[in-house]
Amino acid sequence: MHINDAVFLEDLCPKFRLRQWRKSIHRFTGKSCIYCGKPSESIDHVLPRSQGGLSTTENCVPACLSCNGDKSDENALYWYRRQKFYDPRRAMAIRAWLEGDLRLAIRLLQWATPNFKVNNKNYEKNKSKYKAA
Ligand SMILES: [Zn+2]
């Protein structure tokens, strides 16, 4: 009964749900741009909305304003390959993200970014290491 109430509330407040969803996207990468690693300030539609791209987690990645603006309506993977900061591990992460495999995407991003900070609790696995010290 309570669960149904919660769903109903969310339906009444789509703006609240959208805000939570956007926050969760940024949290996946520790608030860093999936393309260049700078602080993410926006959500980029990998397949642009103008080409029928949906606002789903699989199609939306955290991006800095510079990457988001520069990429514009281009295919993200083609655009990314031409960038100076191109990193094949990040390209693989983007691909995994698009396929909905966020776990793999985040692992690849961690590999590409040595000081990667993960804010999402589901992915905090190294805590026990600090406890043992
Ligand atoms: Zn960027």
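**Entry 1: the model and its fold.** I opened the structure, keeping in mind that it is a predicted model. I looked up the secondary structure and found seven helices and two strands in the protein chain. Going along the sequence, I noted the order α-α-β-β-α-α-α-α-α. I also looked up burial: of the 133 residues in the protein chain, 38% are buried.

**Entry 2: strand β1.** Next I went to strand β1, which spans residues 42–45 and holds D44. Is D44 buried or exposed? I have it down as buried, because its relative accessibility is 2% and the cut-off for buried is under 20%. I then checked its side chain and found a polar contact of 2.7 Å with the side chain of Y35.

H45 is in strand β1 too. Its relative accessibility is 12%, so H45 goes down as buried under that 20% cut-off. Which side chain does H45 meet in a polar contact? I found that of S55, at 2.9 Å.

**Entry 3: the positive patch.** Then I turned to the surface, where R19, K23, R27 and K31 gather in a patch of positive charge.

How values were computed: Residues numbered from 1 in each chain as written. Predicted model: local features only at pLDDT ≥ 70, side-chain atom pairs only at ≥ 80, totals over all residues. Heavy atoms only, no water. Patch = residues over 30% accessible without salt bridge, like charges linked within 9 Å, V, L, I, M, F, W, Y side chains within 5 Å. Areas by Shrake-Rupley, 256 points an atom, 1.4 Å probe, with all protein chains shown as cover. Salt bridge = Lys/Arg side-chain N within 4 Å of Asp/Glu carboxyl O. Lys, Arg positive; Asp, Glu negative; His and termini not counted. Charge placed at Lys NZ, Arg CZ, Asp CG, Glu CD. Helix = DSSP H or I, 4+ residues; strand = E, 2+ residues; numbered from the N terminus. Buried < 20%, exposed > 50% of the residue type's maximum accessible area, 1.4 Å probe, protein only. Polar contact = N/O pair within 3.5 Å; in protein donor to acceptor, adjacent residues only side chain to side chain.
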